[in-house]
Amino acid sequence: MVISSFSALKSRLQHLSPREAVVAAAHDEHTLQAVFAARRDGLIRPILVGRRNEIRSIARSLGEELSPEQIVDAQDDLECAARSVALIREGKGDILIKGMLQTGTLLKAVVHRETGIRASQVMSHVAILDVPRYHKLLFITDGGMVVAPNLEQKGHILKNAVDFCRFLGYERPKAAALCAVETVNPAMPETGDALSLKEAGERGEFGPCIVEGPISLDLATDREAALVKGYHSPVAGDADILLVPAIAVGNVLGKALYGLAGGQMAGVVLGAAVPITINSRGATPEEKYYSILLCAAMD
């Protein structure tokens, strides 16, 4: 099974029970628009952490009612992050949603050695793109967390993304270890890493999946280009996961597909005890909603 679009994913979730979600620094109109939309759609039951009076005021302006137990008062970013992570540790949330606070502040609380919720050696970011000219969702990783991953870190990043796809219902995700060329070149160390990851995939180190690499972006996403170049792989023109060699590549690629190509984007951080929705503070309510949608879909 693959997911063709965010709307297709949404239609699949109508029969599921809502997930418990903790919203860190919920005193933000765009965040609450997304959270309340997800609540109306039966995706989540939210606990809102943040400045109580501001949350109540925004909720009233949006025509939404909140009971006292749905709000946990917290004044500044540090307190919002700490209280939100504590609620997850207490088992009161299956999803952590970032509101109006710095990503670094929230993640610092997440990875705290004594009070955090880190669950994996490497935490990584996945940007999920619904691009008009591609036939299914694209999962780009890592354009937001690990700056210059070595081979071992790339393995963890890829495993996080493969597991994420499998949680969403993919039986055998197809992953492309992106490079500029399709052959190993000693002057391009990422090509050697890509081949090593392909070999590790063939040994089953990432679970059921197909890993191809080194492979260029056009061959990973365009079947016709692969045919013209005589490149044969089940991943060619049909990649689900695009594993990038460095954070700059992932960041630029995600923004290009989102901005220039007219895609819709969601963002999730993996490797914690629960999935974490991560969008920029200036993201639209729709983008924030899609991130919640993906986390709610994880089985």
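This is a predicted model: local features need pLDDT of at least 70, side-chain atom pairs count only at pLDDT 80 or more; totals for chains, interfaces and linings use all residues.

Q: How are α2 and α11 oriented to each other?
A: Two packed helices are described by the angle between their axes and the distance between the axes. Axes are lines fitted to C-alpha atoms, for helices over the stretch in contact, and angles run from 0 to 180 degrees between N-to-C directions. Helices (H or I, at least four residues) and strands (E, at least two) are DSSP runs, numbered from the N terminus. Here the angle between α2 and α11 is about 45°, and their axes are 8 Å apart. The two helices α2 and α11 are therefore oblique to each other. As to hand, a crossing is left-handed if the near helix is turned anticlockwise from the far one by less than a right angle, and right-handed if clockwise. The crossing of α2 with α11 is right-handed.

Q: Which residues of α2 and α11 meet?
A: Contact means heavy atoms within 4.5 Å. On the α2 side are His 30, Thr 31, Gln 33, Ala 34, Val 35, Ala 37 and Ala 38, and on the α11 side Pro 285, Lys 288, Tyr 289 and Ile 292. For classes, Ala, Val, Leu, Ile, Met, Phe, Trp, Tyr, Cys and Pro count as nonpolar, Asp, Glu, Lys and Arg as charged, and the others, Gly among them, as polar. This contact of α2 with α11 has seven nonpolar, three polar and one charged residues.

Q: At what angle do α6 and α7 pack?
A: Helix α6 (residues 151-167) and helix α7 (residues 189-202) pack at about 50°, with axes 10 Å apart. Hence α6 and α7 are also oblique to each other, and their crossing is right-handed. Leu 151, Lys 154 and Gly 155 of α6 make the contact with Glu 190, Asp 193, Ser 196 and Leu 197 of α7. By class, that contact has two nonpolar, two polar and three charged residues.

Q: How many cavities of 30 Å³ or more are counted?
A: Rolling a probe the size of a water molecule over the atoms shows where empty space is left. On a 1 Å grid over the protein atoms alone, a cavity is a set of points where a 1.4 Å probe fits but cannot get out; a pocket is an open set with protein on both sides within 12 Å along at least five of seven lines; and lining residues have an atom within 4 Å of a point. Grid points are joined across faces, edges and corners, and a volume is the space filled by probe spheres set on the points. The count comes to two cavities of 30 Å³ or more.

Q: What lines the largest cavity?
A: The largest cavity holds about 60 Å³ of space. Its lining includes Lys 154, Glu 190, Asp 193 and Leu 197, residues that also belong to the contact of α6 with α7. Helix α7 gives the largest share of this lining, four residues. The lining of the largest cavity has eight nonpolar, no polar and three charged residues.

Q: Which element gives the most to the lining of the second largest cavity?
A: Helix α2 does, with three residues. The second largest cavity has a volume of about 40 Å³, and among its lining residues are Thr 31, Ala 34, Val 35, Lys 288 and Ile 292.

Q: What is the volume of the largest pocket, and which residues lie nearest its centre?
A: The volume of the largest pocket is about 480 Å³. Its lining has 22 residues, with His 125, Lys 255, Met 265, Ile 278 and Ser 280 nearest the centre. Helix α10 supplies the largest share, five residues.

Definitions and conventions
Residues are numbered from 1 along each chain as its sequence is written. Side-chain values use heavy atoms; hydrogens and water are left out. Angles under 35 degrees count as roughly parallel, over 145 as roughly antiparallel, 65 to 115 as roughly perpendicular and the rest as oblique.
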